[in-house]
Amino acid sequence: MSQLSAMQCDQVLKSLRAGVVPADRLDLIKVGREGELETLDKDILHIAKGGSCVRFVTGNYGSGKTFIGELTRQHGIKQGLVVGTATLSPDKRLQAKTGETRNLYSAIVRSFSTKARPNGSALINIVERFILTNLREAHIDNVPPETHIAQRLKDFEELAGGFDFITVIQRYCHALEQQDDILKSTALRWLRGEFTNLTDAKAALGVRSIIDYRNFFSGLKMLCQFVRMAGYPGLLICLDEMVALHELSHKQTRINNFNEILNIVNDCLQGQVHGMGFVFLGTPEFVYDEKKGLYSMPALKSRLAFNRLAQAGLIDVSGPVIELQPLQETEMDELLHKLRHLQAYGEAKNYLIDDMGLWQFMLQCRTIYGAQYYLNPRLAIKTLLDLLAILQQNPNAKVAELISEIS
């Protein structure tokens with residue numbers, strides 16, 4: 001850590017102080033969560049070997065759900081998977097007839113990340129990797145590239161929208177040979193689900209379908225199969241803020257979205273898809289609320305039931321629902337020491353608060369925040385960073401006085 005640049009430290013600290021997860025160097029602040037991360041790592045390896053899985057990660061606001069999701073995303077990329085992420089919101093959800101489903105699909109595909117492009121926008125690399133491989137094979141077999149691509153994607157004919165998917169890839173191949181950037185961009189728009197009406201898509205590409213609420217999951221399964229044919233082991237999709245579905249006021253709208261989740265759970269747990277996995281992140285009420293959560297549907301409640309033997313201090317993080325456990329005393333101490341070290345750019349001589357002061361800070365936080373000190377690490381993180389910011393800008397400020405003012 002002492003060799004880190006000031007820019008790296010500042011970026012991590014600014015993100016944490018704002019209450020968001022840093023996009024890079026999560027290893028600098030990672031503590032605990034070994035059991036949860038081990039389960040998710042096993043899922044990633046299972047996907048890479050051609051399996052399928054689905055997990056629900058629950059925890060209160062500030063407990064580290066998004067942090068776990070970002071770590072999972074980065075681990076998936078390291079294993080060679082294509083990883084897509086998105087955050088649900090009023091304009092992005094799994095099922096809606098007014099464009100919200102298309103918005104979510106587009107956000108997922110735009111975020112596709114690989115080792116070569118870890119920050120998203122990897123769709124173009126995936127498509128061209130597939131096409132260039134087929135161009136070489138077509139040249140060896142002495143057949144037209146479009147014919148060879150149609151033969152490779154023949155299995156897609158059995159899928160909803162499969163013929164159109166084949167057509168779009170053929171159009172992209174033609175555009176690549178002719179250096180037609182406009183046609184390439186148009187083909188990518190269709191693959192990302194960005195056409196809002198069929199008329200425009202048919203005029204531009206000659207297709208007869210677009211991505212909408214009726215084929216959201218089918219489109220993702222088709223993309224999963226495609227990325228595997230392009231040479232990647234599988235596709236992992238992480239969806240955050242699933243509580244947005246719990247907050248929907250219209251009952252039938254919630255049921256439609258939960259039915260889509262049920263389809264995903266059934267296909268993944270039954271092994272009907274290969275090389276595909278989902279991680280859903282949300283607060284506990286999204287899962288356990290029997291009026292507006294997933295437990296309101298008996299089929300989902302039975303599939304996501306917790307282990308009844310995990311009682312009296314026993315835990316089980318291997319089930320379909322992973323409940324984030326409170327951080328332990330030593331883990332919270334380690335986290336706050338790491339933040340102090342980062343703020344000093346890895347130089348102990350630059351610490352703004354000594355060990356005794358940090359111990360007093362921890363004691364005050366435990367007193368003020370109670371159980372939330374362990375359940376919601378964001379509280380202590382932001383409080384410490386605010387304290388360090390004051391000390392940095394006011395060298396004459398008294399540490400003890402500032403700590404006593406924490407409320």
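This is a predicted model: local features need pLDDT of at least 70, side-chain atom pairs count only at pLDDT 80 or more; totals for chains, interfaces and linings use all residues.

Biologist: How many cavities of 30 Å³ or more does a search of the whole structure find?

Modeller: The general idea is that rolling a probe the size of a water molecule over the atoms shows where empty space is left. In this case, a search of the whole structure finds 2 cavities of 30 Å³ or more, and the largest cavity holds about 80 Å³ of space. Among the 14 residues that line the largest cavity, those closest to its centre are Y105, W190, I211, G219 and M222.

Biologist: Which elements give two or more residues to the lining of the largest cavity?

Modeller: They are α8, which spans 181–191, and α10, which spans 216–229, and the largest share, 4 residues, comes from α10. Sorted by class, the lining of the largest cavity has 9 nonpolar and 5 polar residues, with no charged residues.

Biologist: What lines the second largest cavity?

Modeller: The second largest cavity, with about 40 Å³ of space, is lined by L40, D43, I44, I47, C53, T72, L236, F278 and V279. At least two residues of this lining come from each of α2 (34–48) and β4 (276–282), and α2 gives the most, with 4 residues.

Biologist: How do the residues of that lining divide by class?

Modeller: In the lining of the second largest cavity, 7 residues are nonpolar, 1 is polar and 1 is charged.

Technical notes
Residues are numbered from 1 along each chain as its sequence is written. Side-chain values use heavy atoms; hydrogens and water are left out. On a 1 Å grid over the protein atoms alone, a cavity is a set of points where a 1.4 Å probe fits but cannot get out, and a pocket is an open set with protein on both sides within 12 Å along at least five of seven lines; lining residues have an atom within 4 Å of a point. Grid points are joined across faces, edges and corners, and a volume is the space filled by probe spheres set on the points. Ala, Val, Leu, Ile, Met, Phe, Trp, Tyr, Cys and Pro count as nonpolar, Asp, Glu, Lys and Arg as charged, and the others, Gly among them, as polar.
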